[in-house]
Amino acid sequence: MEHIQLYAESSVVYTERSKTDQEGKGESILIPYDQHSFTCPVQAYLNWIEAAQIDSGPLFHSITKMNKPLSQRLCEDSISTIVKKYIDLAGLDSSEYRAHSLRAGFISSATSNSNCHSYAYYSTSSTNKYWIDDPTPYLNDGSYKQYTGSLANLPKGVVASYSITVHSAKVEPVNGANTLSSLAAISKWGEGPVMSHTLSDSPYSNQIKLWYR
């Protein structure tokens, strides 16, 4: 809780180390207020610390089967269990989601009209109804070439493949990026929504290659 600072129009969360910060340099993340209180992450934080009567230490605590709160923080496995429970309740395949899925943000509503490969290689339009099971032809016919240049100076239109056929994502350039995991991406998760995430924060394999036109 000591790593969260509140301001007039936003909150700032400081992370000492993350999956994309293996050297432990730390990062401050700005989280703005939402115009609607029921979808505002800052208001949700305020409601939670008031309801849970938390004024220091971990924000989320472990709870026994008898609903007794413990002093230690909630572990990642428990968060994954909670995420999967509510993904199941939403009628989606929970095997594709985990705790790190919370680092990604929804861009559009879920739809089964198209999939990740179609979104990345064919069209990002909400009216896209084309489903691509295997994007390999796009990579073998010369439409795309593998990109091995500087990550800090990516060309436009780069696509990331996860084990080629498992998943595809459109890559967004990030100033100063020096690792694949730190690059921003937008992709469609199965029959779920289009998501905004880093390349490493998705339910898919991390065997990632970059491709460009």
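Predicted model: local features only at pLDDT ≥ 70, side-chain atom pairs only at ≥ 80, totals over all residues.
Now back up into the helix itself. H2 covers residues 76–89, which makes 14 residues. What span should we expect at 1.5 Å a residue? The answer is 20 Å, and the end C-alpha atoms of H2 are 20 Å apart, so expectation and model agree.

Next, the faces of H2. Which residues of H2 are buried? Ser80, Val83 and Ile87. Look down the helix axis: the buried residues of H2 fall within an arc of 65°, so they line one face of the helix. On the other side of H2, we have Thr81, Tyr86 and Leu89, and these are exposed.

Stay with Tyr86, which sits in helix H2.

Let me zoom out to the chain. It has 213 residues, and buried residues make up 32% of them. The secondary structure comes to four helices and 12 strands. The accessible surface of the chain is about 13200 Å². Carbon and sulfur atoms account for 52% of that surface. On contacts, take pairs of residues at least 6 apart in sequence: 47% of those contacts join residues at least 24 apart.

Ser62 first. This residue lies in strand E4, residues 61–63. Is Ser62 buried or exposed? Buried: its relative accessible area is 14%, and the cut-off for buried is under 20%. What does Ser62 touch, leaving out residues up to four places away in sequence? The list is Lys68, Pro69, Leu70, Gln72, Arg73 and Leu74.

Now Thr198. Its place is in strand E11, which runs over residues 194–198. The relative accessible area of Thr198 is 18%. That is under the 20% cut-off, so Thr198 counts as buried. How far is Thr198 from Glu172? In sequence, they are 26 residues apart. In space, the C-alpha to C-alpha distance is 9.2 Å.

To recap H2: Ser80, Val83 and Ile87 are buried, while Thr81, Tyr86 and Leu89 are exposed on the other side.

Terms used:
Residues numbered from 1 in each chain as written. Heavy atoms only, no water. Helix = DSSP H or I, 4+ residues; strand = E, 2+ residues; numbered from the N terminus. Expected span 1.5 Å × (residues − 1). Buried < 20%, exposed > 50% of the residue type's maximum accessible area, 1.4 Å probe, protein only. Arc of directions from axis to C-beta. Contact = heavy atoms within 4.5 Å. Areas by Shrake-Rupley, 256 points an atom, 1.4 Å probe, with all protein chains shown as cover.
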